[in-house]
Amino acid sequence: MKILIACFSQTGNTEQIARAVQQELSGDHQVDLEKIEEVDAAGLASYELVFVDDSLSGRTLNGRRVLSYDEFRLRDAPSRAICIAISDSRTRQRLAERCENEGVPCFSVSAENVCILDDVQIGEGAFLAPFVTLTSNIRIGRHFHANLYSYVEHDCVIGDFVTFAPAVHCNGNVVIDDHAYLGSGCILRQGRPGEPLTVGRSAIVGMGAVVTESVPPGATVVGNPARPLK
Ligand SMILES: CC(C)(COP(=O)(O)OP(=O)(O)OC[C@H]1O[C@@H](n2cnc3c(N)ncnc32)[C@H](O)[C@@H]1OP(=O)(O)O)[C@@H](O)C(=O)NCCC(=O)NCCS
C-alpha cells in the first residue's frame with residue numbers, strides 16, 4: 001500500500017510544485033516528514049504524489065493524478081500528508097485548519113536550489129520555490145509562500161500566511177504582518193535596526209511597486225514610490 005503525498009495547487013504551477021516536492025522527497029533536505037517516516041521506516045520508496053483540486057478531480061496534470069480533497073482524505077493509505085501551495089492566503093489558512101482538524105499533517109517544501117544562510121526560523125507548511133534566498137537572522141511564521149526568485153534579506157520578521165509572488169525583493173529590517181501579499185517584482189526599502197519598515201496585516205503591495213514607507217494594515221499600494229491605490 002502506498003503512502004499518499006498530496007499537493008493542493010493551482011493548475012498554473014503544478015510542474016514547478018511537482019518538481020519541488022519530488023526533490024524534497026528524494027533528497028536530504030529538511031522537511032517535516034517524520035510522521036510519514038514513522039509509518040514507513042524503510043523510507044519513502046512507496047509514496048504516491050498526487051494533486052488535490054476539487055474542480056479537476058479525475059484528470060491528470062503533468063503526469064500526476066488529481067483527486068478531490070475528499071478522495072484524497074478517504075482513499076485507503078497507511079499515511080498521508082499534504083503541501084498547500086496556493087497563493088491566496090485565506091484559502092491556505094482555511095485548508096490548513098481543515099487538514100489540522102482532520103489529522104492530515106502539512107509538510108514544508110523547499111526547492112533544491114533554495115539558499116538559506118544563518119539563523120533562519122520558518123514555521124510549518126512553507127512553500128519555497130526555486131531560486132528563493134533567505135539570508136540571516138530571519139523569523140518567518142506558518143505557511144509562508146515564496147515564489148520564484150524572491151529573497152528575504154537580514155533581520156526581517158514575517159508573520160503567518162504571508163505570500164510573496166515571484167521576484168519579491170524584501171530588504172533588511174522589514175517586518176511583514178500576517179496575510180500580507182507582495183506582488184511580483186516589488187522592492188521593499190530596508191528599515192533600520194529597531195525602526196523597521198513595516199507592511200501591515202492583509203496589506204497588498206502591487207507588482208513592481210517600490211515601497212519606501214511603511215504600508216498600513218489592509219492598504220493596497222502601487223507604483224514608484226508606492227502610494228495607496230485609489
Ligand atoms: C495591485 C493589484 C492587487 C490591484 O488589483 P485590482 O484591485 O484588481 O486593480 P485594477 O486591475 O482594477 O487596477 C486599478 C488601477 O490600478 C492600476 N494598477 C493595477 N496594478 C498596478 C500596479 N501593480 N502598478 C501600478 N498600477 C497598477 C491599473 O492600471 C488601474 O489604473 P486605472 O484606474 O488608471 O485604469 C494588482 O494589479 C497587482 O499588482 N497584483 C499582483 C499581481 C502579481 O504579482 N501576481 C503574481 C502571480 S504569480
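Reader: Which residue in E21 is the bridge partner of Tyr-181?
Author: Ile-204 is the bridge partner. This is a predicted model: local features need pLDDT of at least 70, side-chain atom pairs count only at pLDDT 80 or more, and totals for chains, interfaces and linings use all residues. Residues are numbered from 1 along each chain as its sequence is written.

Reader: How many bridges join E18 to E21?
Author: There are 2, between residues 181-182 and residues 204-205, and the strands run parallel. Strands pair if DSSP finds at least two bridges between them. Strands (E, at least two residues) and helices (H or I, at least four) are DSSP runs, numbered from the N terminus.

Reader: What order do the strands of the open sheet have?
Author: The 8 strands go E6-E9-E12-E15-E18-E21-E23-E24, with mixed pairing. E6 (109-110) and E24 (227-228) stand at the edges. Each has a single partner strand, so one side of each lacks a neighbour in the sheet.

Reader: Switching topic. Which residues are closest to the ligand?
Author: Ala-165, Gly-183, Ser-184, Gly-206 and Val-222. In total, 13 residues surround the ligand, where near means a C-beta atom, placed from the backbone, within 6 Å.

Reader: And how confident is the predictor? What is the mean pLDDT?
Author: The mean pLDDT (the predictor's confidence in each residue, from 0 to 100) is 85 for the protein chain. There, 81% of residues reach 70 or more. Over residues 28-45, pLDDT is below 50.

Conventions. Contact = placed C-beta atoms within 7 Å.
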